[in-house]
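Biologist: Could you walk me through this structure? I am new to this, so please take it one piece at a time.

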Amino acid sequence: MDNLTFLHENATQPDFTLTAVTVFKICVIIPFFCIFMYSIILMLYTFYSQRQLWQSGRYVLFAHMLVSDTIHLLSSIVLFLLFKANVQIPFVYCQLLIFISSVSYMVTPINLATMSLERYIAICNPLRHAEICRVERGWIVILMFWIVSCVPFIAHISLEGPLADKDIYSGTLCRKQSANSSPSQKLANVVSSGLCFAVVATIVLYTYVRILLETRKVRADKASARKALKTVLLHGIQLGLCMLSFTYPVTEDIIQRQDIWFKDHIGFLNYFSFMLMPRFLSPLIYGVRDETFKKHMKRNLPCYSSKITPE
C-alpha cells in the first residue's frame, strides 16, 4: 500500500512541475511585454507630439518600425500563450494570427533598408533629399512594404493546397512552426526569408560603403557625414538582431528533434533570446542613440519632466 502511494505521488508530481514552469514562463513574458509596450508608447507619443519629428521622412520610417515591431511581438506572444495553454482556436483565426505575425516579421528588415537609403540620399545627394524623401512619399513606400511582405505568405498558402477540404472553423492548436508542414512550405519559407535578408544586407552594406567614401571626399560638414555613417552602421546592427529571429525556426526545429526531458525549457529560452529580445532591443537602441529623438523623449519621462522648468 505504501509503495502504491509513493508511486502515485511520483506520477502526479511531474504535472504539477510542468504547470509551475509554464506559469513561470508566462510570468516572464507578460512583464517583459509590458515594459516593451511602455517604451514603445513613450517613443510613439514623443513622435506624434513633436511637429519637427512627424514632418521628417526619417522619423516617419522609425515610427513605422516601432508599430510593425509591436504588431509582430504582440501576435507572436499571443501565439506563444495559446500554445503553452493548449488552447485550440478555429483554423481561420489561427491563420489570421500567423498572417499578421509573418507579414510584420518581413516588414522590419525592408524598413531598415529604406532608412539606410534615406541616409545615403541625405549625404550623397543632399540637394534632392527634401524632394525625394518627402513625408507623403514615405507613407506610399510604407504601404508598399506591407504589400510586398504579403507575397511570401500568399505563396505559402498556395503551397498548402485548397482550403475547400478543410473545416476553417474547426479547433486547432495554433503554432507558427506547424503551419510549415510540407517540405515545399519549409523550403519556400527559408528561401523567401533568406532572399529578403540578403537584399536588405546588400543595401545596408552598399549605403555604408558609399557614405564611407563620401566622408573621405567631402571636407565640409564631415561631422554630419560621420553621423550618417554611424546611423547606417546601427541599421546593420539592427538587421543583425532581426536575423537572430530568422534563426529561431531553425534552432527550434533542432531542439524539438532532441530526445531530452528539458527541451521545452530550452525552446522557451530560444524563443525569448531569438524572437523577443532582438525585436525589443532594435527600436530601443535607435531611439536612445538618436540625439534629437532622445532629447524630446526625455522630456516626456515623468522623472525628467518634473525637473524641467518652464521657459
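Biologist: Where does H129 sit?
Modeller: Bear in mind that this is a predicted model. In it, H129 belongs to helix α5, which covers residues 129-132.

Biologist: And which residues does H129 touch, leaving out those up to four places away in sequence?
Modeller: With those left out, H129 is in contact with E118, R119, I121 and A122. Taking R119 from that list, it is 10 residues from H129 in sequence, and the two C-alpha atoms are 9.2 Å apart in space.

Biologist: Okay, switching to charges: how many salt bridges are there?
Modeller: The count comes to 3 salt bridges. As a general point, side chains of opposite charge can pair when their charged atoms come close.

Biologist: What does R119 pair with?
Modeller: R119 forms a salt bridge with E118, and their closest N and O atoms are 2.8 Å apart.

Biologist: Is R119 buried or exposed, and what about E118?
Modeller: R119 has a relative accessible area of 14%, so it counts as buried, and E118, with a relative accessible area of 6%, is buried as well.

Biologist: Which residue does E131 meet in a salt bridge?
Modeller: The side chain of E131 meets that of R128, with 3.8 Å from N to O. E131 is partly exposed at 41% relative accessibility, and R128 is also partly exposed, with a relative accessible area of 42%.

Biologist: And R134, what is its partner?
Modeller: R134 forms a salt bridge with E136, where the closest N and O atoms are 3.9 Å apart. Here R134 is partly exposed, with a relative accessible area of 38%, whereas E136 has a relative accessible area of 52% and is exposed.

Biologist: New topic: how many residues are in the largest nonpolar core?
Modeller: The largest nonpolar core has 56 residues, and those with the most contacts inside it are I29, M43, F47, F62, Y271, L276 and F293. Several elements give two or more residues to this core, among them α1 (2-49), α3 (57-84), α4 (91-124) and α12 (291-300).

Biologist: Which element gives the most to this core?
Modeller: That is α4, which gives 11 residues.

How values were computed
Residues are numbered from 1 along each chain as its sequence is written. This is a predicted model: local features need pLDDT of at least 70, side-chain atom pairs count only at pLDDT 80 or more; totals for chains, interfaces and linings use all residues. Side-chain values use heavy atoms; hydrogens and water are left out. Helices (H or I, at least four residues) and strands (E, at least two) are DSSP runs, numbered from the N terminus. Contact means heavy atoms within 4.5 Å. A salt bridge is a side-chain nitrogen of Lys or Arg within 4 Å of a carboxyl oxygen of Asp or Glu. Buried means under 20% relative accessible area, exposed over 50%, partly exposed in between (1.4 Å probe, protein chains only). A nonpolar core is a set of buried Ala, Val, Leu, Ile, Met, Phe, Trp, Tyr and Cys residues joined through side-chain atoms within 4.5 Å.
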